[in-house]
Amino acid sequence: MPDSDTRRPPSLATRMTAVWYRHFRVYSRNLISNGLPPFLEPLIMLVGIGLGLGAYISRMNGTPYIEFLAAGLLVSSAMFTAAFECSFGTYIRLEFDKVYDGMLTAPITVNNLIVGEIFWAGTKGFFFTLAVMVIVSAFGILPIQRVIAVPFVGFATGIMFGSLSLFITSFVKNINHFNFYFTGFISPMFFFSGVFFPLTSLPGWVSPLAEALPLTHAVRISRALSLARPEPHLAWDLSYIIVFSVLFGLFAVRRLRRRLID
């Protein structure tokens, strides 16, 4: 008779890690093409906007403009990579490559699979924020001792936008519909979440809308750490990120479970 231990199902951590590891293997297979852009994109943005506008805007809220911009770009990169990963990436794995059909034949549940997807989005958020951190530190824009903890904010940002993007993906029937998500929500949020200018410069009626955007809270935490300027609302920002991630994560699990099983 076989040992009962050999029939014991894998632990929860093992099942979710297996999903994460599968995505890591695929991503690292083309490491140069996948890993180089996160270092080049912030460099182009900082040179094109930071130095360009910096010639006309010397300081923003008492901070050199290029430092102000760099503190916001640290987490905006996490937003974009998590949003792409759990929208286009998830849809392709779901509808075209049928990756999830094969994964669900293994001893994992739909819940394990989706949570693994969200943690992978968080990991990419961490890596992309780390890449920006290396750039801004190497060029002396922000000291390493200030930004060393910001990749963990990038991880939380990746979790947040991974959860939201999976929820959006659960409704999408045609891959072209993601254009509405990115053009109508992600891109405008990039410009109205305090990355390029403080929210206090917005008209009064726009400020509550900007406050409701998820990226706003990640940018505020990143800037407080990067510029060593603690703000009184950081507890609210952290609470927003946690509640938002849990709420949309649960919505995504419920809707995608139905879609995967059907």
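Predicted model: local features only at pLDDT ≥ 70, side-chain atom pairs only at ≥ 80, totals over all residues.
Colleague: Why is Ile 44 called exposed?

Modeller: Buried means under 20% relative accessible area, exposed over 50%, and partly exposed in between, with a 1.4 Å probe and protein chains only. Ile 44 has 61%, so Ile 44 is exposed. Ile 44 lies in helix α3, residues 37-54. Ile 44 also forms a nonpolar surface patch with Ile 32, Leu 36 and Leu 40, with about 430 Å² of accessible area together.

Colleague: What makes Arg 259 and Glu 95 a salt bridge?

Modeller: The term asks for a side-chain nitrogen of Lys or Arg within 4 Å of a carboxyl oxygen of Asp or Glu. The closest N and O atoms of Arg 259 and Glu 95 are 2.9 Å apart, so the pair qualifies. The pair links distant parts of the chain: Arg 259 is in helix α12 and Glu 95 in helix α4, 164 residues apart.

Colleague: Why is Asp 237 called buried?

Modeller: Asp 237 has 0% relative accessibility, so Asp 237 counts as buried. Its salt-bridge partner is Arg 220, with the closest N and O atoms 2.8 Å apart. Arg 220 lies in helix α11 (residues 214-226) and Asp 237 in helix α12, so the pair ties together parts 17 residues apart in sequence. Arg 220 is buried too, at 15%.

Colleague: How do you know that Arg 93 and Glu 85 are buried?

Modeller: Arg 93 is at 9% and Glu 85 at 11%. Both values are under 20%, so both residues count as buried. Their closest N and O atoms are 3.0 Å apart, in a salt bridge. Salt bridges that share partners join Glu 85, Arg 93, Glu 117 and Lys 124 into one network. The structure holds six salt bridges.

Colleague: What makes a space a cavity?

Modeller: On a 1 Å grid over the protein atoms alone, a cavity is a set of points where a 1.4 Å probe fits but cannot get out. The structure holds one cavity of 30 Å³ or more. The largest cavity has a volume of about 50 Å³. Helix α6 gives the largest share of its lining, three residues.

Terms used: Residues numbered from 1 in each chain as written. Heavy atoms only, no water. Patch = residues over 30% accessible without salt bridge, like charges linked within 9 Å, V, L, I, M, F, W, Y side chains within 5 Å. Areas by Shrake-Rupley, 256 points an atom, 1.4 Å probe, with all protein chains shown as cover. Helix = DSSP H or I, 4+ residues; strand = E, 2+ residues; numbered from the N terminus. 1 Å grid on protein atoms, 1.4 Å probe; cavity = no way out; pocket = protein on both sides within 12 Å on 5 of 7 lines; lining within 4 Å. Points joined across faces, edges and corners; volume = space filled by probe spheres on them.
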